[in-house]
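Dear colleague,

Please find the structure handed over below.

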Amino acid sequence: MAEFLELETQDGVRMPWNVLPGTKQEAANCVVPIAAIYTPIKPFPNMPVLPYAPLRCRTCRSVLNPFAIVDFAAKIWICPFCFQRNHFPPQYDSISEEHLPAELFPQYTSIEYESPGENPSSCSSPVYMFVVDTCIIEEEMAFLRSALSQAIDLLPDNSLVGLITFGTLVHVHELGFGQLAKTYVFKGSKDVSKEQLLEQMSFFLKKPKPATGVIAGARDGLSTESISRFLLPASDCGFALNSVLEELQNDPWQVPTDQRATRCTSTALSVAACLLGACVPGSGARIMAFVGGPSTEGPGAIVSKNLSEPIRSHKDLDKDSAPYYNKAVRFYEGLAKQLVHQGHILDLFACALDQVGVAELKVAVERTGGLVVLAESFGHSVFKESLRRVFQSGDYDLGLSSNGIFEINCSKDIKVQGIIGPCASLGKKGQLSSDTVIGQGNTSAWKMCGMDKSTTLCLIFDIVKKETPELAVQPSSNQFYFQFLTYYQHANGQMRVRATTLSRRWVTGPGTIQDLIAGFDQEAAAVAMARLVSFKMEVEAEFDPIRWLDKALIHLCSQFGEYQKDSPSSFSLSPRLSIFPQFMFHLRRSQFVQVFNNSPDETAYFRMILNRENVANSIVMIQPSLISYSFHSAPEPALLDVAAISADRILLLDSYFTVVVFHGANIAQWRKAGYHSQQEHQAFAQLLRAPSDDADSIVKERFPVPRLVVCDQHGSQARFLLAKLNPSATYNTDAPLPGGDILFTDDVSFEVFLDHLQRLTVQ
C-alpha cells in the first residue's frame, strides 16, 4: 500500500489497477473498473509554478511532459499521446540534456503554469450571495443571526456581498441604499425570468436597456452603479448588513396549526441565480443557502402544506409515489445548467430536524461543486464550526478555488466513460469519449465551477483494444499514458493550469494475473466500487446493490484467488487483495447501501460527501477506524468488532460523519466517582484526556465538521459505536466473548460472510 500512497503524494492520483489489463475482455474480467481517483488541486509543497504558458502538441493539444521523447539536436519533441512531432519555439533554444526546462524533469509529472500576461479575471473579488430562510422559530433565528454575523466578520475586505431572505415571499435587500432598509419583493409561487427581475429592480432607470444582446455585468449593458446597489464590498456594507440581520424577523405570515410554513426555497435560489447571472457572470460567485425546513411553494416544492401529508421517504421514491419529487429535480437540473453556464456555485447549509429537500437539490450542488452541510439545528456545532471553516484562512483553510475546467487526454486504446464527482459535462464529445456513459460522460472536458484542495474526482475508463491474434508483432510500447489538465482561478485571483501526466504499464495474454495483482490498490478499488454502487442506486430502477456487490466480489475472488475446485479450505488470496472482502463487507452495511433508517436527504448528503472526498477519507466512511486506549498499552488500532469493547478500555471510533469517544463500564464508573480529579490518579486523568485530544484534532481538520459523541458502555448513545461493529457476538451466539458486549442484531458476522464467499468462489 505504501507505494500507492507515495504515488498519491506526487500526483494526487490513486488507481485501483496500477498495472492495466491490455484488452477489453481482460478489463471486463477484472470486475473492479479501470478508474483513476484524482484530486485536481491537491497542494504539493515541492511543485513548481512556471511563469509562462504551457507548450502544447499541435494535434492533440496535450501539454509537454516528462514522457515526451525529445530530440535535442533538432529541437523536436514527440507527443506520447498521438506521436506528433512538434518543434520547440525559440524560447526553448538553449535546452539540452543537461539544461532541461522544469516540465521535462522526471519528478515533475505534476506542474502548474501561471501566465503573467493574463490579467486576473475582471471580477477577481470573491462574491457571496447569502440566501436566508426566515420560516424558522425565533430560537433558530437567533442562532443563525449570530453565525452569519461571525461569518461576515471573517469575509475578505474586497469580497462582494449580497443578501436575499425568503419565506412566503422573496426579499432582495438593497444594501447600497444606506439611509434605510430597502427591499424588492417577489412572489414565492411565481418563477421570475432574468428580464423581469432586471425590469422590476429598476436596473435601467439611468442607463437604458440595450436593444440586443445578452445582459451580462458591467461590460454588457449594466452600470457599475446599479450593480453596487445589491453587491457591495464587505468593507463598505458591514454596518448595513449587520443592521439588516439584527432586525431580521421570522416570516410574518400566519401558519395554521395543521399546516407547514409557506417556504419558497426554489424561487429564492432562482432569483439569486438570475441576479448574479446579470451582475457578475463568470466570476465564481457563491450562492450560500441557509435552509431550515422543507420547501412547500414554487417549482421546487418537495411536499404540500398539509401536515397530514408526510415528506417523501425512500419507500415512496422506490414506488414512484412521491408526487413532487420529479418536478423538483427537473427544476434543479435547469438551475444547475444555468449556474454552470454562469460559472456560479451553490452551497447548501441545511439545518432542521425535518427533511429540507437535499435529495432534490443534490444535482445543483454537485454539478456546481458546492459545499453541503447537514445538521439538526443552526445552533449545532456541526453547522457553526463548518461555516467558520469556509471563511477561515491559515492552517485549516479549505483552499477554495473557482472557474475550473478539467480536461483529459489519454492513449488511443483508452476511452473515458465519465466522471463520478462534483463537476458538469461540457458535452465536448470526441474520440476520447466512450459510448458507455457513467456519471457525467459523453465528453472529454468538464466544468468545475467550485472546488477546494481536497475535491476529488473518480474517472472511469474503458479499454477499447480488442484481442490480437498470437502471431501479431509485440507492440513497441506497453505503456498507457494519461494527462489531466485543470484550468482554475487560484485563491489569489490568478488563472492557473495544472498538468498531471501519468504512465501505467499494461499486460495481456495468459500468465499476467500476478502482474495485475501486484498493481492492485485495494483502498482505491473499494472507493471506486462505493461511488459506482451509489451512482447505480440513484439511476437504475430495480437495482439490487447487495446482489451486485456480492456477485462482483465472488467473480473477483474466483478470478484472482488461489484454490482447488470445490475445496473451500484451500482458498487463499494474495496480501494485495486480502483486505478487499473486508471493505466490501463494511460497504454492504454502510449508509451508502443500506438506506433503511435514513431519510432520502441523509442518503443524498452522505453520497455527495463520498463523491467529493479523497481515498483516505472515503475509506474511513466505508470502514471506520477504531483506536483503543488502556492502562496496559499505548493507543493502538483495534479490530472493528464487538470483541474490542472492554470494561476498562476507552475506544475512539472515527466514521467520518461522527467521531465517538466510548468509555467502558469501569472507566465510566471511575469518571463519575471523580477519580480523574484526584492527585494520586493522574494516570487516569491522562487516559481520559488522550482520546478527547485525538478526537479534537480530527474535528479540527475535517470538513464538514463531524458530530462528536461522548458516551458510556450500556448508555443510549453507545448505539453510534455498536451500529458500526462487526457482530461477532450476538444475542443468539452460543458462547459470548469474555468482557465483550453482545449485539442485538440478525446481521451476519464477517466470519460467516467470509465462509459463504469461500464456498461460492470455489464452486
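In which hand does α9 pass α10? The crossing of α9 with α10 is right-handed; a crossing is right-handed if the near helix is turned clockwise from the far one by less than a right angle, and left-handed if anticlockwise.

Before the details, a note on the source. This is a predicted model, in which local features need pLDDT of at least 70 and side-chain atom pairs count only at pLDDT 80 or more, while totals for chains, interfaces and linings use all residues. Residues are numbered from 1 along each chain as its sequence is written, and side-chain values use heavy atoms, with hydrogens and water left out. Helices (H or I, at least four residues) and strands (E, at least two) are DSSP runs, numbered from the N terminus.

The helix pair

Helix α9 covers residues 325-342 and helix α10 covers residues 358-367; their axes come within 8 Å and cross at roughly 15 degrees. Axes are lines fitted to C-alpha atoms, for helices over the stretch in contact, and angles run from 0 to 180 degrees between N-to-C directions. This makes α9 roughly parallel to α10, a term for angles under 35 degrees. The contact (heavy atoms within 4.5 Å) involves, among others, Y325, Y332 and V340 of α9 and L361, V363 and R367 of α10. By class, this contact of α9 with α10 has ten nonpolar, no polar and three charged residues. Here Ala, Val, Leu, Ile, Met, Phe, Trp, Tyr, Cys and Pro count as nonpolar, Asp, Glu, Lys and Arg as charged, and the others, Gly among them, as polar.

The four-stranded sheet

An open sheet has four strands in the order β1-β3-β21-β18, with antiparallel pairing; two strands pair if DSSP finds at least two bridges between them. β1 (13-14) and β18 (414-420) are at the edges with a single partner strand each, so one side of each is left without a neighbour in the sheet. Five bridges join β3 (residues 34-38) to β21 (residues 457-463), and I34 has F461 as its bridge partner in β21.

The five-stranded sheet

A second open sheet has the order β27-β26-β28-β29-β30 and mixed pairing. Strand β26 (residues 625-629) and β27 run antiparallel, joined by two bridges. Helix α19 (residues 682-701) lies across β26, β28, β29 and β30, at about 5 degrees to β28.

UniProt, in an unreviewed entry, places the feature "domain: Gelsolin-like" at residues 634-721; such annotations may be inferred rather than shown by experiment. That span is 35% helix and 22% strand.

Yours sincerely

Note on methods
Angles under 35 degrees count as roughly parallel, over 145 as roughly antiparallel, 65 to 115 as roughly perpendicular and the rest as oblique.
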